[in-house]
Amino acid sequence: MSTGTGRRREVRGRHLVLAVLLLVPAAFASLFVGAGELSPLDLLNGDSDAALLLVESRLPRLLAILLAGTAMGVAGLVMMHITRNRFVTPSTAGTTESAVLGVFVATAFLGAESVMVKMVVALGFALIGTLFFLWVLRRLTFADVVVVPLVGIMLGGVITAVTTFFAYRADLLQSLSAWTNGDFSSVLRGRYELLWLTAAVTVGCYLYANRFTVAGVGRDFAVNLGVHYDRVVNLGLLLVSATTAAVVVTVGNIPFIGLVVPNLVTLVLGDNLRRVLPVTALVGAAFVLACDVVGRVVRHPYEIPVETVAGVVGSIVFILLVLRVRRVAG
Amino acid sequence: MIEVRNVTKTYGSTKVLDDVSLTIAPGGVTSIIGANGAGKSTLLSIIGRLLPADSGRVTVDGLDVATTPGATLAKRLAVLRQENHTSIRLSVRELVAFGRFPHSRGRLNATDLAAVDEAIAYFELEEFADRQLDQLSGGQRQRAHVAAVLCQDTDYVLLDEPLNNLDMRHSVQMMRRLRRMARDFAKTVVLVVHDINFASCHSDEVIAMRDGGVVAQGPTAELMTPELLSTVFDLDIAVHDIGGNRIGVYYS
């Protein structure tokens with residue numbers, strides 16, 4: 001909830017402007033990085049091959065990156081509010097791994113061809129996996145803020161093991177890696193459009209931002225304010241699962257974004273969702289873009305998948321955040 | 001009017017509330033007193049629909065708290081529990097502003113903003129208004145939570161141990177504020193109070209509870225007797241008239 005004072009508005013505006021200023025030039029530059037030669041000059045000269053490369057590959061790739069980054073950042077932000085633990089995000093609650101299992105089941109056992117069907121099945125699995133994790137959580141006697149995500153990561157490991165076993169049996173390990181290893185190199189026009197769904201989900205999250213914040217303060221606080229706590233939490237889980245499923249199906253898992261980005265943003269700006277959600281969205285997009293560009297540049301003309309870069313950067317930041325919590329708490 | 005009819009609540013094998021019935025008339029300050037485990041907080045939470053009753057029924061102005069939509073009830077009744085631990089990073093102003101949520105649904109108009117500023121000023125929170133809750137002392141945080149509840153501007157206000165963590169000055173201020181609110185705006189304030197002398201000096205009516213039942217209910221002066229207090233608290237308590245108030249003495 002904005003309190004409407006001039007100073008506060010200004011603060012919010014400044015961070016947004018800063019985030020946009022960072023993102024726009026980086027996004028523009030990313031259009032001209034890749035194995036195929038493409039420069040702004042080619043486009044101005046009316047080079048039709050260059051235009052084709054831009055429209056069929058580079059632009060879809062950029063849009064996919066921005067959409068996925070935005071959505072995963074926001075999904076993590078919402079999830080840490082509704083679970084009231086800043087380390088519970090899609091990568092640390094079994095959500096992503098369950099979505100991968102869902103895509104695998106849809107492909108191997110249901111023979112699904114359309115991405116839409118795969119996504120819906122993945123969404124269902126993501127939701128069930130997350131609910132199972134929350135169920136385990138309620139039975140955990142030692143629910144330390146750091147232990148909770150570790151349990152989630154272990155649960156994710158178990159689910160991945162199950163998926164891998166069946167994928168091995170079905171000779172589908174190759175397809176499996178497409179969903180577990182997020183990678184934008186295969187994004188072409190016509191193969192990423194499902195991600196626009198996540199934009200709708202992000203808008204939904206923004207509309208519900210105040211309710212998610214209220215739920216994040218606590219159950220009693222929410223009930224007192226007339227907010228239907230259980231409904232808000234369930235809706236949040238549904239939105240998070242939808243985002244995770246859409247991203248896994250189209251580009252594959254990009255680990256830790258949902259954890260790292262919202263944690264860093266809220267560390268600086270606080271937890272009022274209405275205020276931090278737009279910044280989180282932009283920073284999420286910038287983070288994925290940066291990881292992707294690094295992956296494209298490091299051993300040019302070959303590529304390192306975004307999943308690897310995000311995993312390395314993300315896990316380091318995750319450890320630093322955990323150490324920080326330990327220091328503050330201790 | 002708050003009407004509690006045959007409310008029972010059990011945790012495991014312990015009966016915390018045993019067939020409790022009572023009526024709290026509108027207007028004025030009512031304090032619920034009693035020893036630990038008497039069922040005070042549970043009763044308050046059930047009236048405030050934070051907990052479901054196992055059986056029985058609670059109505060506020062005829063609205064059944066268990067079935068009335070939360071958003072409707074939130075404009076009439078506000079409740080604050082004793083422990084308000086939250087790890088969320090909100091500023092004091094943001095938290096207090098959420099008190100307006102039932103009215104504003106998140107879009108604050110001039111009235112809402114005025115109410116927020118007023119509540120912050122009254123509880124002397126201006127200095128910390130833009131500070132995060134986790135950077136405050138327990139007492140400051142408690143004042144912020146009560147300020148949010150008062151900002152909600154409901155006819156009924158239920159507070160569990162509002163003096164928790166407060167120093168003497170802020171405790172007196174809190175009670176004065178609640179009393180003035182009840183008198184000037186005809187609000188009904190129901191408190192769970194640990195300190196019997198705060199209850200005695202600032203409430204119109206007292207409800208005494210013991211072992212999940214109501215022992216007595218009535219005007220404060222009538223209930224502040226050594227006999228009743230001894231029964232309720234299992235402790236010898238002398239009662240003196242000091243400055244027009246009945247003060248219980250039990251320290252030695």
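Two strands are taken to pair if DSSP finds at least two bridges between them, and helices (H or I, at least four residues) and strands (E, at least two) are DSSP runs numbered from the N terminus. The model is predicted, so that local features need pLDDT of at least 70 and side-chain atom pairs count only at pLDDT 80 or more, whereas totals for chains, interfaces and linings use all residues. Residues are numbered from 1 along each chain as its sequence is written, and chains are lettered from A and ligands numbered from 1 in the order in which they are written.

In chain B, an open sheet of mixed pairing is formed by six strands in the order E6-E7-E8-E3-E9-E10. Strand E6 (77–80) and strand E10 (213–219) of chain B lie at the edges with a single partner strand each, so one side of each has no neighbour in the sheet. From one strand to the next, the twist averages 15°. Helix H6 (residues 138–151) of chain B packs on this sheet, where it touches E6 and strand E7 (156–160) of chain B, and its direction makes about 170° with that of E6(B); angles run from 0 to 180 degrees between N-to-C directions, and axes are lines fitted to C-alpha atoms, for helices over the stretch in contact.

Within the sheet, strand E3 (residues 28–34) and strand E8 (residues 188–192) of chain B pair in the parallel sense over five bridges, and B:Thr30 has B:Val190 in E8(B) as its bridge partner. By contrast, strand E9 (residues 205–210) of chain B pairs with E10(B) in the antiparallel sense over six bridges, with B:Glu205 opposite B:Pro219 in E10(B). E9(B) and E10(B) form a hairpin with two residues between them, and B:Asp211 in the turn has a positive phi of about 50°.

In chain A, the axes of helix H8 (residues 196–207) and helix H11 (residues 229–250) come within 9 Å and cross at roughly 160°. H8(A) and H11(A) are therefore roughly antiparallel to each other, a term used for angles over 145 degrees. Residues contributing to the contact (C-beta atoms, placed from the backbone, within 7 Å) include A:Leu197 and A:Val201 of H8(A) and A:Leu239 and A:Ala246 of H11(A).

The contact between the chains takes 20 residues from chain A and 26 residues from chain B. Helix H9 (209–217) and helix H10 (219–224) of chain A each supply at least two residues of the side of chain A that touches chain B, and H9(A) gives the most to that side, with four residues.

Terms used:
Two residues are in contact if their C-beta atoms, placed from the backbone, lie within 7 Å. Angles under 35 degrees count as roughly parallel, over 145 as roughly antiparallel, 65 to 115 as roughly perpendicular and the rest as oblique.
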